[in-house]
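Subject: Handover of a structure and the findings on it

Dear colleague,

Please find below the structure that I am handing over to you. My findings follow directly after it, and I would be grateful if you read them with the model open.

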Amino acid sequence: MRNVERLCLAHLWVAFTAFTVACVLGTWQMWVRSPLGAKVGTPSLYFMSVTAHGVSMAYVLTTFFIMGFGYFVAVTALNRPLPGKPWAWLGFWMGLIGFVMAVIPIVMGQASVLYTFYPPLTGSAWFYIGLVLVVAGSWIWCVLMIVAMAEWKRENPGRPVPLVMFATVANAILWLWTTAGVATELLFQVIPAALGLVQTVDVGLSRTLFSWTLHAIVYFWLLPAYTAFYTLVPRAAGGRLYSDTMGRLTFILFLLYSLPVGIHHLLMDPEHGTGMKFIQVLLTGFVTVPTLLTIFTISASMEIAGRLRGGRGVFGWIAALPWERPMVLAAGLAFVMLGFGGFGGLINMAYGMNAMVHNTAWVTAHFHLIFGGSAVIMYFAIAYEIWPRLTGREHASLAPLRLQLWLWFVGMMVMTLPWHWLGLHGQWRRVANFNYADPIIAGWGPWVVVSFAGGLVLLASALLFVRNLFVLHRSPALALPRPLYALAVHPPHRVPAALNGFGLWNVLVAILMLLAYGWPIAQFAIAPSPAAIVHRVQ
Amino acid sequence: MSDPRLSEPHVLDQPWRVWATVAVLTIVLAGALLGVVIIPVVQGRAAGLDAFTAICRALGIKPGSPAQPQPSDRTPPTPVSQVTWTPEVLQVLARANTERGRAKVLEVCVACHGEQGVSVAPEFPHLNGQSGPAIYKQLHDYQSGSRVHPLMTDIAKALDEPVIADVAAYYAGQPKRNPNPATLGELPANIVQLVELGDPNRNIPPCAACHRPGVGGPIEAPILHEQGQNYLALQLKAYASGERRNDVYARMRTIASQLTPAEIDGLSRYYAAGFR
Amino acid sequence: MTELHPEMHERRILGTELLWAFGVGVLIALTLGMIVFTALTMGINPPSNVERIDPKTLHLSGEFAEHNLGTTVGPDGSTTVRIIATQFMFVPRCIAVPRGRLVTLRLATPDVIHGILITGTNVNTMVVPGYVAQVHTEFTRDGDLLMPCHEYCGTGHSEMWATVQVMTNDQFKPGADGRVSCAQR
Amino acid sequence: MHSDQPSAADDPAEVADDIDKAALARVMRTVPLGAAVLAGSMVALLVIGYLLIYLLIFIPRGTVG
């Protein structure tokens, strides 16, 4: 590992510390919103908490986890030292300082604007500058990943880049493209407004730029989970990856199609016509392709493992899988949550039908299942898998790990299934309290209490997770070296350059973004939105 | 295999480039054909729109849905306030001269509102530390007749716009007395709740959502803490009865008309005590 | 290279994957087809009305001045509802609409971003400063519905909601000026 | 680097695999069957659910446009 353990552990612990705090806040929020918490907390505290929860989960947990895992992959899969390790530490400290800079105004109540950047309501400039620093720190990571892969390719001409590294670099490039939108919005619109340099803002443009980032960012969070599906899960299950080529193609498709679809977050917005909305809905249809390919490829890989372990019949291989291993268990549970979350997403993206669920609890349920469910449970599994490598110690027992994963799954399902139901009945998002005296809302009460119970289970799981990692740090058992990454059934000896790098795909992303976002952005250059006066929270 | 030139993969690349580009472009073009041409034209025909209008609507060049006719407009009535928050107005406020403001205050305002903005009688509002935009709006509304007061109407009419901004900026810069607010325990819990939580059942937002400094609420919302109890109660009653109506979109009229006399009294005492 | 069993050959695997991708493509075409079909036959779109309006002067004149807000039935029988979404209330707070007839809701905001939905219906739109948000719909059931603000707009956001009264044809009677208000209950 | 360099990782220790080639070949004769049935039925369920919600909940709530 050549001394990158400290680097990885530093990133991962920042990620999971933010995660634990955010879990406590999230559970508190659910209490406040439920009929049980009618007189608890004030709206000011509630929205401060939502802001902190969103920022910690969406920006800190994800970015730091992905960076830490990426460094681990670059060193273990490429079998060469990490290039530019001082830069990696610089990125870490930039991110951490940025996080602290953002948290201070949040705690002071000067940034209760939630974690989405929707001016004219703007928070303290420090909040935004801090988050820009987090993103800038992650850009260093992106460059290091790209450099690591490029150097390896130069030393190993003609050989296929290890799939796990290919996937990690795909995510790094995706992230560079993704952040272009929000960075433009923050630097040219939001931060000048928050600083008081300008008094008005073009809201149509700012929402469009944020939408550029809004969908692809979720894929940035998800790709480590997919990376684990393709490269860690088949090995943990004792099988092989069904197809290495499909893995590469999947990550390429994610890079291509997760970007030009952001306007499906603006389907209910008045600043875009139906034409561009339809085009992006169609493209959104295609972003399901890599996920559906993954479902099949990974099921087939698991089937190989199950059958090698003696499973028979059409479904016998499922029972034969080694479910006692955390990675396998997490993958199974992640797929179930991905199924439910994907179903919710299918409804969300359906053009006019988005009107039925937009900004309701349905949407909250959807992204908690996809991100909080599938992605985060795989973060847990990845952490459990690589922690022994990082610390040199082995888990004394796997039982608490399995319990933690099950709790997370059960909690997430109990929390989000009622949210779907409530969303369909019109329960809206982002409110501090509901008037349960209203006859329509009164009927929602019991379901809100059920979802709160789910939240409590999730909190228990989060605390158990941190406990499991602490226990491991003190575990007397020493880790035995064991391979992590899965072989393919047919390991490729060489692949076309198109599947071994990203040159072609970057060109295609540029073309797609020009077609998908050219007119939506250009229309504000031709006829700007009438300027809206900035409303500052300070 | 060991010779890198043999495994040079570029020969395999040509078809990838072609097919990937073709596939990507086909999908986008199909989307454009459906979304920008076929769907709007078909929808427009059903709604009695010509194809050109329907396509322009789909592209967002013309307003309206390609599937529906646009409703007709209405005639303009008299507004409740002439004040608009434009960058120009905010600029005037930002560039106001407090020295000139002070001179005007000593000349006109001092008799009732005091040199430091601490008023001499309970029916006049304190102006020290009030928000500049709030003072600006009220003076402007007196001037335009949106708000009526036997003394203020004539006084405001004699002021021109930069002077209004100067006076607003001067009083805004005067310090609050900042007394130690009494403990909340002296006030009924329902008043504190009205301020912090509002009343969801009656659709009343928390007072603090607008009247606490720096919450990002309406620009003209005045700061209420340390305001005179008598003045606050008077204004809430005037809003409730509709006697005062210069609140844009009747925000305060709607809220005040739902408050009970006890709540009006409690809220006035709450803010007079200096709570933020 | 070691001899591979023919069935392990990557080509066969890719063929299987391609078959799967084809099946997936058919299903995606089905879901998108549903959207296209209802768009063509029923005119279903997401509400998209790219109509610019200055948020700073809404209250001065024009259709979103205070006295023009509410439900109006035009001479041609079309029903238009004009609503202001402002921190932290809707004007008017009670909205009368007819059942089973085409209704056009027009919303604008003078301050920050808001959004609305009406419970149990397909009415949903963001209300973005600078634009008139417009929804064409038909209410299929009568009774009182909730119309909350569903986008965070400030600390008072949670108390921002209006009531929608869906009326039958007997109840929905415009006055001489074409205006309809909520029934007192 | 050995000639049969797999794409999993560059470190030989990472790619050690005790899977018997013959067993793998035997298994590969049936392999995508179970996965295809499982994944296929799940995805089909998803699309059926989508169509049901579209037709039974969305459309009856009134048109939008």
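Helix α2(A) passes helix α14(A) in a left-handed crossing. The model is a predicted one, and every value in this message is computed from it. The axes of α2(A) and α14(A) lie 11 Å apart, and the helices pack at an angle of about 40 degrees. On the side of α2(A), the residues in contact include A:His53, A:Met57, A:Leu61 and A:Phe65. They meet residues of α14(A), among them A:His368, A:Phe371, A:Val376 and A:Tyr379. By class, the contact of α2(A) with α14(A) comprises twelve nonpolar, four polar and one charged residues.

Helix α5 (residues 132-144) and helix α7 (residues 161-172) of chain B pack with their axes 8 Å apart, at an angle of about 140 degrees. Angles over 145 degrees count as roughly antiparallel, and α5(B) and α7(B) are therefore oblique to each other. The crossing of α5(B) past α7(B) is right-handed. From α5(B), the contact takes in B:Gly132, B:Ile135, B:Tyr136, B:Leu139, B:His140 and B:Gln143. Their partners in α7(B) are B:Glu161, B:Ile164, B:Ala165, B:Val167, B:Ala168, B:Tyr171 and B:Ala172. This contact of α5(B) with α7(B) has nine nonpolar, three polar and one charged residues.

Rolling a probe the size of a water molecule over the atoms shows where empty space is left. The count comes to eight cavities of 30 Å³ or more. The largest cavity has a volume of about 670 Å³. Its lining is made up of 38 residues, and A:Gln29, A:His53, A:Thr364, A:His368 and A:Trp419 lie nearest its centre. The elements of chain A that give two or more residues to the lining of the largest cavity are α1 (5-33), α2 (43-78), α14 (361-391), α15 (399-424) and α17 (445-473). With eight residues, α1(A) gives the most. The lining of the largest cavity divides into 24 nonpolar, eleven polar and three charged residues.

The second largest cavity holds about 200 Å³ of space. It is lined by 15 residues, of which B:Trp85, B:Glu220, B:Arg251, C:Pro55 and C:Pro110 are the closest to its centre. Eight residues of the lining of the second largest cavity are nonpolar, two are polar and five are charged.

Finally, some points concern the backbone. Most residues other than glycine have a negative phi, and most peptide bonds are trans. The peptide bond from A:Pro119 to A:Pro120, however, is cis, with omega near 15 degrees. A:Pro120 lies in the loop between α3 (85-107) and β1 (121-122) of chain A. The loop between α3 and β1 of chain A also holds A:Leu114, which has a positive phi of about 65 degrees although it is not a glycine. In chain C, the peptide bond from C:Gln87 to C:Phe88 is cis, with omega near -5 degrees. C:Phe88 is placed in the loop between β2 (79-86) and β3 (89-91) of chain C.

With kind regards

Terms used
Residues numbered from 1 in each chain as written. Chains lettered and ligands numbered in written order. Predicted model: local features only at pLDDT ≥ 70, side-chain atom pairs only at ≥ 80, totals over all residues. Heavy atoms only, no water. 1 Å grid on protein atoms, 1.4 Å probe; cavity = no way out; pocket = protein on both sides within 12 Å on 5 of 7 lines; lining within 4 Å. Points joined across faces, edges and corners; volume = space filled by probe spheres on them. Helix = DSSP H or I, 4+ residues; strand = E, 2+ residues; numbered from the N terminus. Nonpolar A, V, L, I, M, F, W, Y, C, P; charged D, E, K, R; others polar. Axes fitted to C-alpha atoms, helices over the stretch in contact; angles between N-to-C directions. Parallel < 35°, antiparallel > 145°, perpendicular 65-115°, else oblique. Left-handed = near helix turned anticlockwise from the far one by under 90°. Contact = heavy atoms within 4.5 Å.
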